[in-house]
Amino acid sequence: MLRRHRVFAAAFGGGAVLRLITMLGYGPAMWFNDSYEYVSVALHPRPHPIRPDGYSFWLMLLKPFHSFALLTFTQHLMGLATACLIYALLRIKFRLPKWGATLAAAPVLFDAYQIQLEQLVMSDTQFMLLVVGVITMVLWKRRLTWKAGAVVGLLLAMTWLTRSIGLPILALVVLYLLVKRTGWRPIAAVVTACAIPVMAYMGWFASAYGKFAMTNSDGLILYMRTAIFADCNKMDIDKYKEVQLLLLCINDPVSQRKDYAQWYLWGQGNGDGTGTGEVLHRWGINKKWSEITNDAASKFATRAILSQPGDYLKVVARDFFRSFHWSRPRFPDESTYNMYQFKPYVEIDDTGQPKRLPKWASYAGGRTDTDAFSYEQGPPETRVVHPWADIMSAYQKVFYLPGIALGGVLLIGLYGVAVRWRKFGGPVVLPWLGAMGLLLAPAASAEFDYRYVLPAVPLACVAAAITLRHGVTWGRRRPRSSATSGPTTARG
């Protein structure tokens, strides 16, 4: 098999070596602000109010080994598995040449930011593998059986439980199957197999918070999206009947507000709910993620969008097009940007000592640094080891997919959808819409973040590769005439 697929095998081996160097240079794992709560849930199982627990379930399975290095190793395997799915789908199902199928998998194998994301204690690599697995199964089957539909449904449930954006992926898959006229049995199997685990999780969430839902944060995150432009003077709020909405009004003029939305959810307030501090502090620290706060924030955000649709579309478009910059502007702030970097040095705190994990309170009543230590049964901080860290730091400066290149790949996929308009885009439309949705959804409901771009890349590459498998033509390929396929005879 290696001889038959030597091009991909060589690329796969190169990607594996880069991941090994990363593990040697930045063990046992790298950390992001969200990482600590995933670990906390794994140690103290409970439904989290901000995000679903799918990734924490994976940490629970690995907990007996007490090794973040093992966790990141499995995530690197997930990245390599994603590349294998792309290659297998394009090579076996769509008959692309070996070099073409390998080229489509190359961004997953070699993008430095993809490799760095796999080294983080974060859910995005697991989410990406699940999404690519769903798309691969749906495209692989010409006629989806109900058994295959059940597997797709279970994968979609795992996707949804890993990140909330799995719900639009479910809607996209069901719509695609309806357009393909797959039949009611496979579609019913997809929906049922997805619904059972999700409903069970929502029941568990209801037992803890009294609300049948996945999280208590969807309204708050949408509020964050609208906070940078919402003007209460334009929203027609009744100051006598809608006091809850008035509490969410921001006193600062729009021109003086932060240019990134995350501040209005995660920023530290001034203690009195005024100035540029976090407005949500007016509700009290312990009530920030409560159902009443989330519902009020959802109503406020909806009112802001309906009252100022132009301003909303402006910020959504601005964040969407951030994905296509040639360089990587430092957004949303320097601290967040640096969390995606392979730094060849140990960070130092204010006392001149190596920086330790933050001592934040976790939702289980513990502390983020002690939870991480308990999971690892040892120091969990990232250890920068030379020369491996130097290699990956230098590699990251050159080898990554620029945003403008991703835009070009998406345009190729759009062309593929357009030329197949009689078939509603054919097989190209599913991965292309999936990629566009993964880029557009954060811009519309939260805010741009570089890690949200990476799961869209493999789907965009699949769509472009399917488009180019027969070359660039407009309309149907005309079969070669039999008169030109052999010698001709003249009539007398």
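Predicted model: local features only at pLDDT ≥ 70, side-chain atom pairs only at ≥ 80, totals over all residues.
Biologist: What pLDDT does the protein average?

Modeller: The average is 90. At least 70 is reached by 92% of the residues. Over residues 270–277 the pLDDT falls below 50. That stretch still has 12 contacts beyond near neighbours in sequence. Residues 475–492 are also below 50. There the model has 3 such contacts.

Biologist: Why is H66 called partly exposed?

Modeller: Its relative accessible area is 33%. Buried means under 20%, and exposed means over 50%. The value for H66 lies in between, so H66 is partly exposed. H66 sits in the loop between α3 (54–62) and α4 (68–93).

Biologist: What makes D236 exposed?

Modeller: D236 has a relative accessible area of 70%. The cut-off for exposed is over 50%, so D236 counts as exposed. Its place is the loop between α11 (218–226) and α12 (243–246).

Biologist: Why point out the phi of H66 and of D236?

Modeller: Most residues other than glycine have a negative phi. H66 is not a glycine, yet its phi is positive, about 50 degrees. D236 is not a glycine either, and its phi is about 55 degrees.

Biologist: What is the omega of the cis bond joining G27 and P28?

Modeller: Omega is about -10 degrees there. P28 is in the loop between β1 (26–27) and α2 (35–43). The bond from F331 to P332 is cis too, with omega near 0 degrees. P332 belongs to the loop between α15 (309–321) and α16 (334–338). Most peptide bonds are trans.

Methods
Residues numbered from 1 in each chain as written. Heavy atoms only, no water. pLDDT = per-residue confidence, 0-100. Contact = heavy atoms within 4.5 Å. Helix = DSSP H or I, 4+ residues; strand = E, 2+ residues; numbered from the N terminus. Buried < 20%, exposed > 50% of the residue type's maximum accessible area, 1.4 Å probe, protein only.
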